Amino acid sequence: MTGKLRLGVLFGGRSGEHEVSLMSARSVLSVLDPMKYEVTPIGITQEGVWLTGTNTNGEDTLDAIRSNRLQGLTRVTLLPEAGQSVLYAIGNDQNGQRLSALTELDVIFPMLHGTFGEDGTVQGLLELADIAYVGAGVLGSAAGMDKALFKDVMRAHNLPVVESIVTTRAEIAGDLEGVIAKAEAVSPYPLFTKPANLGSSVGITKCYNRSDLYEGLMEAAAYDRRVLIERGLQKPREIEVSVLGNDNPQASVAGEVRPAADYYTYEAKYLDDRSELIIPANLPEELMQRIRQIAIEAYSAIDCSGMARVDFLLDSNTQAIYISEVNTIPGFTPISMYPKLWETSGLPYAALVDRLIELALERKADRDRTERQFRRRR
């Protein structure tokens with residue numbers, strides 16, 4: 001491939017993490033080398049409309065999506081047709097809507113956190129369109145996103161996770177007392193209630209009693225039809241590791257989060273500057289290496305690729321390690337743990353972004369080696 005790479009950066013989306021996605025995308029866009037990339041920003045509104053361009057106030061795509069001043073932006077779409085790799089503009093004429101080719105794209109960088117972006121849905125579209133893209137594929141994205149399924153995969157690989165059960169919105173609505181009884185059988189309080197498919201601590205509640213549990217179940221069920229209920233550790237340390245690579249992933253040094261709140265809430269992550277990020281984490285060398293190795297094992301277990309941040313809970317009393325989750329599109333803001341861990345490990349932010357794009361192209365080249373038609377053996 002010669003000349004500049006035609007790169008689409010995809011952000012926003014129909015998710016409770018919409019605002020976080022905009023912050024991450026702004027950071028990525030700010031470090032893309034114009035000598036290497038021809039960049040097309042593609043914003044998705046919270047209603048699911050894809051847009052690019054400049055609005056009538058002169059705001060670029062990202063600022064227009066953020067301010068919800070959309071007039072003047074161009075509606076765009078990708079077609080699920082292999083071999084096109086074209087971003088189409090959606091226009092109107094006397095015969096109704098029409099499509100016109102806007103630009104070809106060599107690779108997509110999804111900065112979509114949460115549902116309809118980090119869960120395999122967009123990845124499926126990009127697979128159908130046969131476009132290279134940054135990050136995990138359909139399987140890795142879906143398995144990493146669904147906290148309940150992820151725990152089952154970890155257990156199947158003998159990797160440590162805390163005790164948990166799964167319930168549904170329908171069960172909560174139909175037999176709340178029964179769900180409460182099953183939750184209280186998991187462990188003594190505190191318990192955590194979490195939407196099975198979401199990130200950035202959206203919809204998560206730490207429950208110290210039955211009243212909290214009622215409210216936590218309702219909160220989680222508002223964000224997803226499946227709800228995870230898990231044992232809360234008494235004095236956990238929150239440890240995070242960044243993983244990078246395709247078939248031969250590497251792990252960064254581990255870092256520790258000391259949240260300003262009782263746990264690492266949405267507010268503590270993005271709105272409150274009192275949370276501390278300690279990089280590298282103050283851990284014995286043997287424990288540091290063990291956590292890094294488990295991070296790679298968890299990453300590989302869900303067939304992840306490109307990037308992920310693996311989050312751990314370390315029991316302060318017993319020193320037991322538990323995998324909390326794998327974030328396949330981790331936060332990419334300047335204060336986010338994923339890029340900061342790699343920077344401490346010797347890979348600066350801009351170089352990290354370049355490497356992720358290279359990994360996307362490598363994985364696309366590997367996919368292209370796969371036979372799509374049956375060949376009779378001779």
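Tutor: Buried means under 20% relative accessible area, exposed means over 50%, and partly exposed lies in between (1.4 Å probe, protein chains only). The model is predicted: local features need pLDDT of at least 70, side-chain atom pairs count only at pLDDT 80 or more, and totals for chains, interfaces and linings use all residues. Residues are numbered from 1 along each chain as its sequence is written, and side-chain values use heavy atoms, with hydrogens and water left out.

Student: Is F109 buried or exposed?

Tutor: The relative accessibility of F109 is 0%. That value makes F109 buried.

Student: How many aromatic pairs does a search of the whole structure find?

Tutor: Rings of Phe, Tyr and Trp (its six-membered ring) pair if their centres lie within 6.5 Å; planes under 30 degrees apart are stacked, over 60 edge-to-face, and the rest tilted. By that rule the number of aromatic pairs in the whole structure is three.

Student: Why is the pair of F109 and F332 called edge-to-face?

Tutor: The ring centres of F109 and F332 are 6.3 Å apart. The pair is edge-to-face because the planes stand at 85°.

Student: How many residues apart in sequence are the parts that F109 and F332 tie together?

Tutor: Helices (H or I, at least four residues) and strands (E, at least two) are DSSP runs, numbered from the N terminus. F109 lies in strand 7 (residues 107–111). F332 lies in the loop between strand 17 (321–327) and helix 11, so the separation in sequence is 223 residues.

Student: What is the distance, centre to centre, between F332 and Y349?

Tutor: F332 is itself buried, at 0% relative accessible area. F332 and Y349 form an edge-to-face pair with 85° between the planes, and the distance from centre to centre is 5.7 Å.

Student: Which residues form one aromatic cluster?

Tutor: Y349 lies in helix 12 and counts as buried at 15% relative accessibility. Y338 is one of the buried residues of helix 11 (residues 337–344). The cluster consists of F109, F332, Y338 and Y349.

Student: Which helix do the buried residues of helix 11 pack against?

Tutor: Contact means heavy atoms within 4.5 Å. The strands packed against are strand 13 (236–245), strand 14 (250–258), strand 15 (276–278) and strand 16 (306–315). The helix is helix 12.

Student: Which strands stand at the edges, and why is one side of each left without a neighbour in the sheet?

Tutor: Two strands pair if DSSP finds at least two bridges between them. The open sheet has five strands in the order 15-14-13-16-17, paired antiparallel. One side of each edge strand lacks a neighbour because each has a single partner strand; the edges are strand 15 and strand 17.

Student: Over how many bridges do strand 13 and strand 16 pair?

Tutor: G245 stands opposite G306 in strand 16. Strand 13 and strand 16 run antiparallel, and their bridges number ten.

Student: How far does the backbone oxygen of K235 lie from a polar atom of the side chain of S316?

Tutor: S316 lies in the loop between strand 16 and strand 17 and is partly exposed, at 31%. Leaving aside neighbours within four places in sequence, S316 is in contact with K235, P236 and R237. The distance from the backbone oxygen of K235 to the side-chain polar atom of S316 is 2.5 Å.

Student: What separates the C-alpha atoms of S316 and R237?

Tutor: Along the chain, S316 and R237 are 79 residues apart. Their C-alpha separation is 6.5 Å.

How values were computed: A polar contact is a pair of N or O atoms within 3.5 Å; within protein, one must be able to donate a hydrogen and the other to accept it, and residues adjacent in sequence count only if both atoms are side-chain atoms.
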